[in-house]
Amino acid sequence: TSYYSLFMKPDNFLIMHDLAHDLARSVLANEINIESPSCRYAWLTDHRKLFKSSMNPLAKLFKSSMDPLTKIRALHFIDRGSLQLHAEALSGAKCLCVLDLSKCCAQELPDSIGQLKQLRYLDASWNVDVPEPPEYPDPPESTMIPKALGSLNKLQYLNLSFRRRPIGLPEVIRKLTELSFSRLKKLNLSGCNQISSLPENVGKVDIPRLFGLLDHPLENDGFHVRPVDSGSGSSLVWLKHTNPDVLCIDDLQNVKSVEEARSIRLMEKNRIETLSLKWHGGMEHIELLTVLMPPSSVKNLDIRGYMDDICPHWFMHIGQYLPNLVSLELCHFQCNSLPTLVQPPNLRKIVLRHMENLEKFNILAKLEHLEIYDCPNLRFKLCLPRAVYWYISRSDNVLSWGQCAWNTASSCPVSELKVDSELPLCHWSLLHQLRGLRDLAIYGCKDLTIPSWRTRSFTSLESLLLYGYHIHKLPEWLGELTSLWRLNLCLGNLQELHKNMRQLTQLQSLSLEKCNKLTSLPQWLGELTLLKTLKLYGCNGIISLPESAITNLQELRISVCHVLFEWCKLEKNKMKLAHIKEKSYSDSGQEGCEEDLG
């Protein structure tokens with residue numbers, strides 16, 4: 001097995017039988033004893049203790065070249081302490097094949113790494129996966145890469161991920177990739193988002209991922225376009241030879257010319273299925289977006305920060321140019337109107353975010369999923385989008401859309417609606433068209449009062465969530481939801497459960513969250529004979545459970561209800577709860593911190 005295959009995933013550990021382990025230790029003997037001059041394989045868990053001893057050969061490794069170090073083959077640092085390596089620290093380890101610095105804080109790489117002619121595996125990444133102790137510093141803004149590293153012709157694996165701006169890297173990569181006898185199989189530069197230059201045509205060496213620069217190591221991260229060192233262009237041209245499945249191009253405002261965008265021939269990259277294009281400022285976006293027309297293979301398209309008032313031709317006819325499009329997400333668009341989407345064959349999801357100028361967008365396609373965030377001026381004037389799931393946040397004009405060409409006799413096929421808005425419920429004209437609504441979640445509404453004739457939209461509701469701190473009492477129409485089987489209430493100022501809830505004869509699940517003003521549960525809950533699940537979270541005013549309410553329960557969850565938690569611990573109350581099959585109690589609210597008192 002090669003060093004490359006052995007150490008591709010250094011965080012994975014193999015399990016060895018005790019007998020095999022004892023045999024290996026017996027055979028290797030002093031070769032794994034860090035106190036022995038014959039040590040060949042060192043696994044250091046706390047190098048700070050080792051380095052205090054001047055008698056230890058590994059301590060001398062970081063001070064001068066010592067003969068005993070010529071036998072070192074593999075050196076791993078596992079602790080998270082700060083590590084400062086002298087320039088000649090590794091010069092004595094001429095036979096070193098494996099060097100792993102990923103678990104320690106090596107701010108700089110010693111020049112002596114270039115003398116390790118037998119080195120096959122080098123991991124000098126900045127590990128971001130392990131929680132950092134207070135003394136562990138932030139990643140350095142830049143790291144000097146020793147030039148001699150480019151002459152290590154036996155190197156198979158090099159990991160410099162999350163080193164931000166590795167200075168001198170282009171020259172090293174050029175040497176490593178041009179060596180006719182180079183064995184380099186894996187170069188990882190993911191997270192090095194401040195690299196400002198790479199050798200010309202270097203993308204040919206790693207076409208799928210461009211050394212990890214196309215990866216998404218952190219959320220919302222991807223390939224960042226940077227001005228190149230000469231200042232005459234940008235790093236966008238590095239994508240010329242790539243053709244990945246997923247491509248996220250960020251910081252497009254740094255592109256210097258349309259010719260750079262044209263040179264990558266994005267439209268011909270027919271492996272791409274997920275594409276993100278992001279700007280953060282800049283001008284003349286339409287020329288750039290015109291050239292960056294996606295290939296027809298794209299299924300998921302995300303465009304953010306587009307600041308022109310009009311869109312390019314391909315976007316205005318997106319169904320024609322992107323027939324495989326499944327999901328479209330637009331964020332921070334300057335446009336006040338978007339093209340009418342007329343039945344793109346595969347489009348199922350649309351997400352609109354932070355489009356303050358958007359006033360018009362007609363969707364004739366039949367969708368499964370529609371999300372609208374912070375589009376305060378948007379109105380659907382032609383007809384309502386036919387989507388099964390809607391999420392509307394801070395986009396009140398969509399709720400109070402008024403008259404529309406849609407035939408009111410035929411309702412919109414929305415079955416699930418989630419709304420985050422302070423707009424009083426009586427102004428939600430949208431509800432007129434949602435006769436088949438089964439799942440409704442309302443966040444932040446200040447007034448839930450509506451005329452009785454408008455409750456017709458709620459007659460088919462099966463699940464309801466009410467969340468907010470403006471509501472003191474439950475609405476009268478709640479008792480009319482005779483099909484409701486699940487009710488979630490998170491109302492910080494709710495003072496009582498209204499008696500009209502007694503009409504919810506189909507109710508099976510009741511959840512109360514952070515209802516701090518609620519001091520008791522009514523006895524009439526026992527009349528809801530189908531109620532099987534009761535969940536209470538953060539309801540500190542409730543001190544006990546009425547016996548009638550728990551008679552038919554099969555599931556009881558209580559979390560962060562301090563007084564009620566103590567009530568459940570009493571022996572006499574344990575007997576009352578004994579018949580409940582599934583129950584858990586927690587006084588901390590932390591996942592996995594539950595005490596079964598049954």
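Me: Is cysteine 97 buried or exposed in this structure, and at what relative accessibility?
Reply: The model is a predicted one. A residue counts as buried under 20% relative accessible area. Cysteine 97 falls under that cut-off, so it counts as buried, at a relative accessibility of 6%.

Me: How many disulfides does the count come to?
Reply: Cysteine 375 is another case to look at: it is buried, with a relative accessible area of 0%. Its sulfur lies 9.0 Å from the closest cysteine sulfur, in cysteine 331, and therefore too far for a bond. With the cut-off at 2.5 Å, the number of disulfides is 0.

Me: On which side or sides of α12 are its buried residues?
Reply: Helix α12 spans residues 562–569, and its buried residues are Leu564, Phe565, Trp567 and Cys568. In an α-helix there are 3.6 residues a turn, so residues three or four places apart point the same way.

Me: Against which elements do the buried residues of α12 pack?
Reply: The buried residues in question are Leu564, Phe565, Trp567 and Cys568. Their packing partners are the strands β24 (533–537), β25 (555–559) and β26 (582–586), together with the helix α13 (571–577).

Me: How many residues of β25 are buried?
Reply: Strand β25 is joined to β24 by 5 bridges, and the two run parallel. Another 5 bridges join β25 to β26, again in parallel. The strand is largely enclosed by the rest of the structure, because the buried residues of β25 number 4 of 5.

Me: Which residue of β26 is the bridge partner of leucine 556?
Reply: Leucine 556 belongs to β25, where it is the bridge partner of leucine 534. Towards β26, the bridge partner of leucine 556 is lysine 583.

Me: What kind of pair do the rings of phenylalanine 223 and tryptophan 238 form?
Reply: The whole structure holds 11 aromatic pairs. In this one, the ring centres of phenylalanine 223 and tryptophan 238 are 6.2 Å apart and the planes stand at 70 degrees. Planes over 60 degrees apart count as edge-to-face. The pair of phenylalanine 223 and tryptophan 238 is therefore edge-to-face.

Me: How many residues apart in sequence are the parts that this pair ties together?
Reply: Phenylalanine 223 is buried at a relative accessible area of 2%, and tryptophan 238 is buried at 10%. Phenylalanine 223 lies in strand β11 (residues 223–224), while tryptophan 238 lies in the loop between β11 and β12 (246–250). The parts tied together are apart in sequence by 15 residues.

Me: What kind of pair do phenylalanine 458 and tryptophan 477 form?
Reply: Both phenylalanine 458 and tryptophan 477 are buried. Their ring centres are 4.7 Å apart and their planes are at 45 degrees, so the pair is tilted.

Me: Is lysine 381 buried or exposed?
Reply: Lysine 381 sits in the loop between β17 (366–373) and β18 (386–393). Exposed means over 50% relative accessible area. Lysine 381 has 56%, so it is exposed.

Terms used:
Residues are numbered from 1 along each chain as its sequence is written. This is a predicted model: local features need pLDDT of at least 70, side-chain atom pairs count only at pLDDT 80 or more; totals for chains, interfaces and linings use all residues. Side-chain values use heavy atoms; hydrogens and water are left out. Buried means under 20% relative accessible area, exposed over 50%, partly exposed in between (1.4 Å probe, protein chains only). Contact means heavy atoms within 4.5 Å. Two strands pair if DSSP finds at least two bridges between them. Rings of Phe, Tyr and Trp (its six-membered ring) pair if their centres lie within 6.5 Å; planes under 30 degrees apart count as stacked, over 60 as edge-to-face and the rest as tilted.
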